[in-house]
Amino acid sequence: MLTNRLNLVVLSSLTTHVLSLAVKRAEPDRSNVVEFAKITDPTQECAPYWYPPSDNYPQFPTTWGVANIVAGDTAAQNKWNEIKGKIPNTPPKGVNGDFSNVQYDNSKDPDCWWTATGCVTPKLAGIAPDVARIPEPLSVGYGFDDGPNCSHNAFYDYMVQKNQKATMFFIGSNVINWPLQAQRALYDGHEICAHSWSHSSMTSLSSEQAFAEIYYTVQAIKSVAGVTVTCWRPPYGDTDDRIRAIVNALGLSTVLWQYDSDDWKGGAQVDTNYKTFIGQAKGGEFSKQGTIYLQHEIDEFTMGKAMEYYPSMKDAFKYMVPVAVALNKTHPYAEAEVEFPTFDEYISGTVRKPLPDSALSYLGLTATPPSSASSSPSNSATGASTSTSTTASSGASPSSPPSSSPVSTPTAPATPTSTRAATNTVPPSTPTQPSKPKPGKTMQSFINWLIGGLKRWGF
Ligand SMILES: *[C@@H]1O[C@H](CO)[C@@H](O)[C@H](O)[C@H]1NC(C)=O
Ligand SMILES: *[C@@H]1O[C@H](CO)[C@@H](O)[C@H](O)[C@H]1NC(C)=O
Ligand SMILES: [Zn+2]
């Protein structure tokens with residue numbers, strides 16, 4: 001009797017042990033981008049994980065809240081103090097993207113306000129025009145807004161398979177929440193540009209807030225992927241000379257678009273938009289100069305449409321290239337060792353340059369020694385145990401979220417209305433949709449979540 005019981009206890013504890021081992025084995029490897037990219041189950045891709053490098057930078061604003069300079073962040077404060085004298089004193093426009101009560105003279109367009117007039121040539125001296133099209137004929141600047149989305153592996157795999165590179169306009173809050181997904185863009189050879197911290201209408205913000213939105217997005221990408229971006233796209237295209245001056249002072253260029261898939265809206269209209277655009281390309285619309293098309297990495301639907309129409313876009317255009325490639329911008333990041341191909345190199349088959357060892361080691365990867373490298377233009381790299389060294393300070397395993405991991409979703413920022421300034425001319429396209437906030441996934445967003453909760457509970 002007693003032995004039976006003992007047996008039972010031993011048996012059940014053994015079963016538990018074996019089960020927990022099985023569960024451990026089923027847990028995907030999220031120690032670096034190469035391992036992460038192998039995950040194919042969207043639920044696993046979007047599961048919380050613990051990835052510390054975003055803690056390298058002291059502090060970020062709360063994800064999905066309008067960014068302000070973080071208290072005590074002297075580097076950000078000093079940068080703002082250094083540039084604020086160069087920013088025009090134009091007051092912010094409207095309230096949170098609602099421009100219905102804004103008095104603005106569209107015919108004079110003193111601020112070159114894109115949302116009102118589609119203006120892309122600044123009136124303010126010393127600032128380059130926005131890039132809304134590309135000069136190369138029969139070509140399209142191929143790019144995606146609002147990423148990284150957590151479950152983008154199938155879409156990024158598709159682009160690997162097609163040997164296709166694109167420009168990714170990343171939202172800072174998504175980069176912080178999904179660092180390995182953000183790294184994948186760099187690792188795969190796409191171009192990364194910033195797309196603000198909280199996807200707010202920039203012209204409605206104070207200059208200091210607009211600065212923080214862009215500054216912290218650049219810092220987030222730098223902290224997570226190790227590169228300093230030099231381009232950005234304003235959410236909804238909403239920019240004017242005040243915002244351009246801030247962006248320019250931060251060393252970024254503005255990339256807009258001419259044609260819009262409006263894929264975020266969903267429905268049959270999206271197919272019509274794709275087909276119309278492709279029809280225009282086939283009809284010779286871009287035979288003298290190329291264009292830029294707006295698509296989104298928001299979710300399964302938008303990425304699905306991108307893949308669905310990829311073959312016919314490829315058929316309609318002679319060349320589909322990232323914006324940097326179209327402009328022969330061979331050093332799209334401040335880190336000069338990261339190189340991009342020229343347009344000519346790209347179209348002759350060199351769609352990317354190998355990442356330098358410094359970039360690979362930042363991602364926790366080690367380059368394969370040159371002697372064993374294949375002739376393939378893509379990077380060959382292997383996961384290295386060095387990635388775990390960065391976890392030392394937190395003591396947490398990179399693949400195990402804390403038991404107190406946040407489960408509540410932060411409140412979504414209000415979606416700005418599409419209302420435009422009074423007596424507007426029709427702008428070239430309607431605003432793009434911000435992607436929905438996700439629960440925090442890193443130490444920083446966990447702390448932000450905790451602080452937010454304490455505040456909500458009245459502490
Ligand atoms: C990412 O895509 C998945 C799949 O469509 C979706 O469920 C999720 O909400 C998306 N994430 C964001 C932040 O929109
Ligand atoms: C890119 O370089 C090619 C080859 O030198 C040249 O023909 C083309 O005009 C350049 N494009 C731009 C935008 O500078
Ligand atoms: Zn957007």
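Biologist: Where does asparagine 163 sit in this predicted model?

Modeller: Look in the loop between helix 6 and strand 2 (167-170).

Biologist: Why is asparagine 163 called exposed?

Modeller: Count the other C-beta atoms within 10 Å and you get 12. A residue is exposed if that count is 12 or fewer, so asparagine 163 is exposed.

Biologist: What makes aspartate 262 count as buried?

Modeller: Aspartate 262 has 22 C-beta neighbours inside 10 Å. The cut-off for buried is 20 or more, so aspartate 262 counts as buried. You'll find it in the loop between strand 6 (259-260) and helix 11 (268-282).

Biologist: What makes phi worth a look in these two residues?

Modeller: Most residues other than glycine have a negative phi. Asparagine 163, though, has a positive phi near 55°, and for aspartate 262 phi is positive too, about 50°.

Biologist: Which kind of peptide bond joins glycine 147 and proline 148?

Modeller: A cis one, with omega about -5°. Proline 148 itself is in the loop between strand 1 (139-147) and helix 6 (153-162).

Biologist: How do you know that isoleucine 214 touches Trp232?

Modeller: Contact requires C-beta atoms within 7 Å, and Trp232 is among the residues that isoleucine 214 touches, along with Ala194 and Leu250. Ile214 is also one of the residues touching the most other members of the largest nonpolar core, which has 102 residues. Helix 9 (residues 207-225) gives this core its largest share, 11 residues.

Conventions: Residues numbered from 1 in each chain as written. Chains lettered and ligands numbered in written order. Predicted model: local features only at pLDDT ≥ 70, side-chain atom pairs only at ≥ 80, totals over all residues. Core = buried A, V, L, I, M, F, W, Y, C linked by C-beta atoms within 7 Å. Helix = DSSP H or I, 4+ residues; strand = E, 2+ residues; numbered from the N terminus. Contact = placed C-beta atoms within 7 Å. Lists of a residue's contacts leave out its neighbours within four places in sequence.
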